[in-house]
Amino acid sequence: AAAAKMAALSGSGAPWRRGWLPALQFVRRGSKAVTRHWKAMHFQRQKLMAVTEYLAPRPAVPPRCLPPRKETLEEDNGYVRLLRRQVEEVFRDNRMIAICQYNSMPGEDMVMLRHYLRKHNIEVKFVLNEIVRPVLSQSKYKNLLPLFVARNILLVSREAKAKEMLRVLKGVPQINLLGACIHDTILSRQGVENFAKLPSLEAAQGQTVGALALLPSQTSSLLQRGSAHLTALLDQHIRRLQAGETGSPAEPAPAQSSGAH
């Protein structure tokens, strides 16, 4: 009967009812209703939870009355003390200590780098942060501690050879200059580059001596100018008087020196 009814409906009526119906239909299902919401705890249960709350027992003696605990310091072995003593000697005996970040590089390149630096009396020191940091923390170089965070090497020299060091490091991209301590002054990378552009000590001393000698010479010439000018005027006046007595024409006054003007 149902099939006959469907056939009668499809056979008669509006034309859209005789159309094709898809075999697969998508049905959108609604989201599940949320039936559980937050609800305040009943006051009787709150009282029960407060009464049954665990309270830790108080110590018999307050902590402030107990003697302080003595921290046990680990004793360093002899090899660690030796390494730290070597680091202290490096910072004490050298006037230039450059801190560089060391990246992996072939052994042959490292040998060539040592060779070029040794020509300028610059030595390469491999150090460990565990050894350097305790030494620097107790010295005047404690501001260098932020530079020792990765694998580092030290380029040390008894003379300030910043220009030569930068020239050699320019061809070694695996080693990056982080900072340096030159003449007990901590410098950044830009500070080291600015220091390398300064003239040598002998040239700077010569310029200073020349500048200091120029000022006294100018002062002396200024002080002598008035007396020289007065002497020239008096000489010319005497010649005029002598020429008036003898009746001869006055001789021209000699040319004054440059200091008299």
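Analyst: Accessible areas here come from the Shrake-Rupley method with a 1.4 Å probe. On that basis, in this predicted model, the chain exposes about 21300 Å², and carbon and sulfur atoms supply 57% of that area.

User: What makes up the secondary structure of the chain, and in which pattern?

Analyst: There are 8 helices and 5 strands. Along the sequence they follow the order α-α-α-β-α-β-α-β-α-β-β-α-α. As for burial, 20% of the 261 residues of the chain count as buried. Among contacts between residues at least 6 apart in sequence, 72% join residues at least 24 apart.

User: Why is Lys161 called buried?

Analyst: The cut-off for a buried residue is under 20% relative accessible area. Lys161 has a relative accessible area of 17%, and is therefore buried. Lys161 is placed in the loop between β3 and α6. Leaving aside residues up to four places away in sequence, Lys161 touches Met96, His120, Asn121 and Ile122.

User: Why is Asp184 called exposed?

Analyst: A residue is exposed when its relative accessible area is over 50%. The value for Asp184 is 53%, so Asp184 counts as exposed. Asp184 sits in the loop between β4 (175–182) and β5 (185–188).

User: How do you know on which side of α5 its buried residues lie?

Analyst: The buried residues of α5 (residues 129–137) are Asn129, Ile131, Val132, Val135 and Leu136. They cover an arc of only 160° around the axis, and therefore lie on the same side of α5. The buried residues of α5 pack against α3 (78–93) and β3 (152–157).

User: What lines the largest pocket, and which residues lie nearest its centre?

Analyst: The lining consists of 16 residues, with Ala160, Phe195, Pro199, Ser200 and Leu201 nearest the centre. Two or more lining residues come from each of α6 (162–169), α7 (189–196) and α8 (201–246). The volume of this largest pocket is about 500 Å³.

Terms used. Residues numbered from 1 in each chain as written. Predicted model: local features only at pLDDT ≥ 70, side-chain atom pairs only at ≥ 80, totals over all residues. Heavy atoms only, no water. Helix = DSSP H or I, 4+ residues; strand = E, 2+ residues; numbered from the N terminus. Buried < 20%, exposed > 50% of the residue type's maximum accessible area, 1.4 Å probe, protein only. Contact = heavy atoms within 4.5 Å. 1 Å grid on protein atoms, 1.4 Å probe; cavity = no way out; pocket = protein on both sides within 12 Å on 5 of 7 lines; lining within 4 Å. Points joined across faces, edges and corners; volume = space filled by probe spheres on them. Arc of directions from axis to C-beta.
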